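Please take the sequence and the model together, and keep both in view while reading.

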Amino acid sequence: MRALVILLVAAPAFAQERKDPRVEKIVARVDAGRMHDTVAKLVSFGTRLTISDPNDPVRGIGAARKWLSGQFAAIAGQRGARAKTFEDRFVAPVGRRIPAPVEIVNTGVIIPGTDPARSKQAVVMTGHYDSMPSDVLDPKADAPGAVDDGSGTSMTLELANAFAAESPAITLYFVAVAGEEQGLVGSQHLAERLKAEGVDVLAMVSVDIAGNSEGQDGVRDSTTGRVFSEGGPDVENEAQKKLRLALGSDNDSPAREWARYVQRFGELYSSGLRLRVMLRRDRIARGSDHMSFAHEGFTAIRLSEAKENYHRQHQTPRVENGVQYGDDLAHFDAPYAARLCRALAGAIGSLGFAPAPPKYPVLASSNTPDGKLKWTLPEDPRVADVILYRRPADQVRWEKAFSLGKVSEVTMPSVNVDDWFFAVATADTAGDESLPQPPGLPQR
Ligand SMILES: [Zn+2]
């Protein structure tokens with residue numbers, strides 16, 4: 001394989017700003033008006049608490065999931081659709097927030113991957129359709145859940161529809177899950193099930209609380225999103241921990257690389273949106289369904305709004321001392337949520353179409369003035385290019401990406417690897433990229 005020597009100072013930032021027309025078309029299908037209507041419908045069920053009445057035809061979680069499953073079935077039933085309906089149904093046992101065994105149903109679609117060599121690889125996106133009032137054990141109180149998490153749920157439908165007729169290389173799951181407010185029990189079951197089925201979840205994202213644009217302090221922001229990811233992985237063996245400490249790669253965990261990927265391709269495909277890579281697993285001492293997947297060893301992140309209003313989360317609607325509480329439809333900013341959804345459509349589209357990533361990347365130099373990286377190209381005929389990412393060792397965001405061509409090593413004169421972080425990705429001719437793979441150390 002051809003080797004390449006590059007002068008890093010000479011290359012422009014992000015040489016690869018090409019957009020794949022296929023992905024642009026997917027992104028363009030995201031419709032703010034339809035997302036508003038979806039959230040309005042979800043709110044109309046009064047409460048979607050996981051332990052609310054499953055049999056009432058108009059109110060409660062049972063009515064909500066029946067409607068949702070119908071929507072997913074309609075998407076899968078469209079002419080030309082490749083999408084297939086997906087259901088994960090089980091009975092959750094008694095727990096801290098579950099007073100009696102309750103049936104939980106995760107519902108959505110799968111878009112089957114087309115590359116037989118990667119048939120078990122998948123991207124999973126979830127939003128949780130359950131909601132909660134002030135008392136998480138009160139099945140009667142109103143819990144509109146417009147933003148938490150009608151916003152994420154509306155995106156599961158929107159993305160299912162946008163990707164329904166597409167032919168990605170790897171399988172895509174768009175799933176509305178329940179049981180989030182009851183302790184992430186729905187997503188935990190889903191993650192365990194996929195693991196048991198041998199599904200290799202390359203990347204998972206939970207969209208949770210992603211549609212309110214006015215913070216509790218009155219500050220408005222409808223052009224920024226936050227992407228949360230863990231640093232040191234939830235699941236790590238001794239050898240992996242040793243390598244992480246040796247490389248100082250706390251900020252280059254698989255989840256963090258996926259977060260940066262969503263930032264890069266999200267901003268590329270959703271014009272006017274800025275995504276912040278937040279250097280923590282979630283908001284402080286809080287959680288969402290990505291944690292269930294991280295717990296099973298999968299690469300998982302959370303997408304959320306920029307400015308939260310806690311008066312509108314986990315609150316029974318009411319006015320108290322002049323303050324209005326409750327997660328109502330009026331504060332769901334559909335154009336903002338659509339902007340976030342387009343970002344995800346762009347990132348999932350690019351990753352879904354991308355070739356297999358480089359294998360076994362290693363730092364082939366140390367204690368030398370020149371930097372050298374090596375890797376093995378995957379046996380994927382769609383690999384057209386290798387992209388080298390770099391950033392200074394005191395920075396979070398990739399500062400440059402270099403198109404190297406179809407090579408399996410690179411030498412960088414006068415680049416001390418101690419002062420930089422690197423990762424390599426493969427790209428196809430359309431510019432879709434694999435997840436960047438940070439280099440490890442060579443076997444000694
Ligand atoms: Zn939530």
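Are Asp 148 and Asp 208 buried or exposed? Both Asp 148 and Asp 208 are buried, where buried means under 20% relative accessible area, exposed means over 50%, and partly exposed covers what lies in between, with a 1.4 Å probe and protein chains only. The model is a predicted one, in which local features need pLDDT of at least 70 and side-chain atom pairs count only at pLDDT 80 or more, while totals for chains, interfaces and linings use all residues. Residues are numbered from 1 along each chain as its sequence is written, and side-chain values use heavy atoms, with hydrogens and water left out.

Helices (H or I, at least four residues) and strands (E, at least two) are DSSP runs, numbered from the N terminus.

Strands E4, E6 and E7 lead on to a sheet. Eight strands form this open sheet in the order E2-E3-E5-E4-E6-E9-E7-E8, with mixed pairing, and two strands pair if DSSP finds at least two bridges between them. Strand E2 (84–92) and strand E8 (274–278) stand at the edges with a single partner strand each, so one side of each is left without a neighbour in the sheet. Neighbouring strands of this sheet are turned by 25° against each other on average, direction ignored; the axes are lines fitted to C-alpha atoms, for helices over the stretch in contact, and angles run from 0 to 180 degrees between N-to-C directions.

Within this sheet, E4 and E6 run parallel and are joined by six bridges, and Gln 121 stands opposite Asp 200 in E6. E6 is also joined to E9, in parallel, by four bridges, with Val 205 opposite Ile 301 in E9. E7 and E9, in contrast, pair in the antiparallel sense over five bridges, and the bridge partner of Phe 228 in E9 is Arg 302. Strand E9 (residues 300–305) is mostly covered, as six of its six residues are buried.

A second open sheet holds three strands in the order E15-E14-E17, with antiparallel pairing. Its edge strands are strand E15 (400–405) and strand E17 (420–427), each of which pairs on one side only. Strand E14 (residues 385–392) pairs with E15 over five bridges in the antiparallel sense, and Ile 387 stands opposite Ser 403 in E15.

A search of the whole structure finds seven aromatic pairs, for which rings of Phe, Tyr and Trp (its six-membered ring) must have centres within 6.5 Å, planes under 30 degrees apart counting as stacked, over 60 as edge-to-face and the rest as tilted. The rings of Tyr 261 and Phe 265 have centres 4.6 Å apart and planes at 35°, so this pair is tilted. Tyr 261 and Phe 265 are separated by about one helical turn because they are four residues apart in helix H7 (residues 254–269). Tyr 261 counts as buried at 2% relative accessibility, and Phe 265 is buried with a relative accessible area of 1%. The rings of Tyr 389 and Trp 398, with centres 5.6 Å apart and planes at 40°, form a tilted pair, and both Tyr 389 and Trp 398 are buried.
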